Amino acid sequence: MAATPQNTERSTVAGGAKRSRSMPSRVVPPIELPASVDELARAAAAQLGWNGVVLPETTILGRKVCVVAKLRTDVHAERIAMGVGPVADRATVDTWTWPELAGTAPAPAAEIVGVLAVARHWRTAMASAVPFARYGEAAMVLPSPAVLTEDYVGNCLPRARAYGLAVVTADPNAVVDLDLEGRTERVVLAEDPVSRLVNELVYDHLLRTVEVPASLD
C-alpha cells in the first residue's frame, strides 16, 4: 500500500504574526531654574543671613560655585604695599604652609563667608558644595520641584545633614525659602594648601568684581 504523502509545509496566516509595539514613554520636562544663577545666589545668601559680596558664579577646584566673601581691606593694603597681589599658582601657594616659610607668607586677604552651589538637581549641587563644606559654610540652592521627590527626601537630606550643608529652595517665582539649616557644629579643617589657594582665587575674584577704594590702589 502506498503511503499517503503528507503536507509538511506550514501555512502562514496573514496578520497572524505578533508585532512588538513600543508604547511612547511619558516625557517629563526637565526642571529649570526660575531665575539666573547669580540672582538665586544673592537671594539665597540673604535668606541664610550671609553678609558679604555675592560674587558671580565661577569655577573653583573644578566646581561651579558662587562665593560670598568680604575683602580684608587692611590685609589688602599691606599686600599692595608689599607688591603681593592675588597668587593663583598652586605650587607657590603650597609653599606658604611650609613651617620654614609660614612666617613670611602673605596673609589671606579675603574672608569667605560661605559658598553656594546653584543647580537644577541636588546631586550636581552637592558635588559642587561638599569640597568647600570642609572649610566653612556651604549651601545648595535648588528649584522647589527638585525637593518634592522621594529621591531628595531619602538620599539628599541625609547626606546634606552629614556634610553640614544648608538647602535653600526657589519656587517658580524665584522666591527662596530655607529647607534645611546648615549644621554649625561640624568639624572644620584647619588652613591648608587647598584653603589658601581658594582664598587667593576668591581674593582675585573680589578685586575683579568690587570697586576697591582709591586709597588702596
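Q: What makes a set of residues a nonpolar core?
A: A nonpolar core is a set of buried Ala, Val, Leu, Ile, Met, Phe, Trp, Tyr and Cys residues joined through side-chain atoms within 4.5 Å. Buried means under 20% relative accessible area, exposed over 50%, and partly exposed in between, with a 1.4 Å probe and protein chains only. This is a predicted model, in which local features need pLDDT of at least 70 and side-chain atom pairs count only at pLDDT 80 or more, while totals for chains, interfaces and linings use all residues. Residues are numbered from 1 along each chain as its sequence is written, and side-chain values use heavy atoms, with hydrogens and water left out.

Q: Which residues have the most contacts inside the largest nonpolar core?
A: They are M126, M140, L142, Y152, A160, L165 and V167, in a core of 19 residues. The elements α4, β5 and α5 each give two or more residues to this core, and the largest share, 6 residues, comes from α4. A second, separate core has 18 residues, among them A41, A44, A166 and V176. In soluble globular proteins, nonpolar side chains tend to be buried together.

Q: How are the helices and strands of the protein chain identified, and how many are there?
A: Helices (H or I, at least four residues) and strands (E, at least two) are DSSP runs, numbered from the N terminus. On that basis the protein chain has 6 helices and 7 strands, in the order α-β-β-β-α-α-β-α-β-α-β-β-α along the sequence. Of its 217 residues, 37% count as buried.

Q: How does the span of helix α5 stand against the expected value?
A: The expected span is 1.5 Å times one less than the number of residues. Helix α5 (residues 150-163) has 14 residues and reaches 20 Å from its first C-alpha to its last, close to the expected 20 Å.

Q: Where does α5 bend, and how is the bend defined?
A: The bend at a residue is the angle between axes fitted to the seven residues ending there and the seven starting there. For α5 this angle is about 35° at C156, and the proline P158 follows within four residues. Just after the helix, G164 takes a positive phi of about 80°.

Q: Which residues of α5 are buried, and against what do they pack?
A: Y152, C156, L157 and A160 are buried. The buried residues of α5 pack against α4 (122-133), β5 (138-143), β6 (166-170) and β7 (176-180). Contact means heavy atoms within 4.5 Å; beyond its neighbours within four places in sequence, Y152 is in contact with W122, L142, A146, V147, L157, V167 and D179.

Q: Why is L116 called buried?
A: L116 has 0% relative accessibility, and therefore counts as buried. Leaving aside neighbours within four places in sequence, the contacts of L116 include A41, A44, W50, V65 and V141.

Q: Is S128 buried or exposed?
A: With a relative accessible area of 11%, S128 is buried. S128 lies in helix α4 and, beyond neighbours within four places in sequence, is in contact with R63, K64, V65 and A117.

Q: Why is R90 called partly exposed?
A: R90 has 43% relative accessibility, so R90 counts as partly exposed. R90 is in helix α3 (residues 90-95) and touches V194 and L197, not counting residues up to four places away in sequence.
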